[in-house]
Amino acid sequence: MKISKIYSIFELMKVLFLGDASNMHNCLAQELRRMGHTAVVASNGSHWMRTERDIDFTRGPGKLGAVNYVLKLLRNLPKMQGYDVVELCGPIFLELKPWRLRPIFDYLKRHNRRIVLSALNTDYLYYTACHDGHTYRYSDYMVGSEPSPYVNSSEYIRQHQANWKQPYMREHFDYIKHGIDGAVACLWEYYAAYKPVLGDKVVYAGIPIDTRSIEPHFINETPERVRFFIGIQRDRNVIKGTDRLLAALKRVHNRYPRECEMEVVESLPYAEYVERMSRSHVILDQLYSYTPATNALLAMARGMVAVSGAEPEYYDLIGERDNHPIINVVPTREGDIDEKLEWIVTHRDRLPQLSRQSRAFVEKHNAAPVVAQRYLSFWNSLL
């Protein structure tokens, strides 16, 4: 069945995306508009990524920034009513304290038909699952039974992650949980955390990638030198494991200086990041993940090979048994990253095949029309 025919079974909808992360909501909104739906994004542009939005909720520094932010929010509240679905970017969907979010949540619930939560970043439920000792073998916070490097880092202290332990965070999550009509998870990790608590109220949809706007540049022949790319987020270096990935890459580069090269970038705006990334063969993305996230999927859509998370639980969830192009690295085995990167360098002849498999994987599982269809199916089941 053609996608256009699949779309025709859905009534046109009016959707508000409140908040965004890594351009995910904006990408969905663009796809929904192509299909004839009305979609509005109200966000801060994912901070330094400066992603597109229709209503700007950027918050400036200091007390003046806080006052202006609240005034901006109050001015725009009338624009945030009359929607079929409001899709929230997690329980903390605006840059406000939890107790200040409650009246806004109540307003949205009164003035719109359905409220749905996007499980797409750290929240109380995911944080709790990371520490329960059985949901994951490893996570951002724990590797086996030991704290991850992130927990002992200055990043953790600077970002006040201990706040997730506070009773008010649980109270806030419980309030949101009882008020939403459903939740959509973009990664296996979030689905695994939400499913035991929300049951049938949560579904998995994946991360949308606008493959139609991404021209693949396949690796057509064995490269003489493998170009590795790694992007560092200044405030998320340790939690994403890019510190360990970069250290391993440097070691491999020292061993094979003629067979590989590397490009390292830090906290670039979204458009510039994508442009710089596209010059390479292989992207190094996340270490503590079971699932490839936005950066890895974007690279794969361009025909690059991704070094990231791709555990059996993820492949089982999406029902993929044949095409496994992601180089899965794990933090639980000493030397695993070095071995996988060295394998890439010494098996450069495999890159052309993996390049095409990567693009095919994204087209099948993460193309924006495919993910949008999952959202529409779920939303319609709630109306």
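Tutor: **Cysteines and the parallel sheet**

The structure holds 0 disulfides, a disulfide being a pair of cysteine sulfur atoms within 2.5 Å. This is a predicted model, in which local features need pLDDT of at least 70 and side-chain atom pairs count only at pLDDT 80 or more, while totals for chains, interfaces and linings use all residues. Residues are numbered from 1 along each chain as its sequence is written, and side-chain values use heavy atoms, with hydrogens and water left out.

For Cys186, the closest cysteine sulfur is that of Cys89, 9.2 Å away, which is too far for a bond. Cys186 is buried, with a relative accessible area of 5%; buried means under 20% relative accessible area, exposed over 50%, and partly exposed in between, with a 1.4 Å probe and protein chains only. Cys260 is likewise buried, at 0%.

We turn now to the sheet. Five strands form an open sheet in the order S11-S10-S12-S13-S14, with parallel pairing. Strand S11 (260-266) and strand S14 (327-328) stand at its edges, each with a single partner strand, so one side of each has no neighbour in the sheet. Here strands are DSSP runs (E, at least two residues), numbered from the N terminus, and two strands pair if DSSP finds at least two bridges between them. Strands of a sheet pair through backbone hydrogen bonds, either parallel or antiparallel. Strand S10 (residues 226-232) runs parallel to strand S12 (residues 282-284), and 3 bridges join them. Phe228 has Val282, in S12, as its bridge partner.

Terms used
Helices (H or I, at least four residues) and strands (E, at least two) are DSSP runs, numbered from the N terminus.
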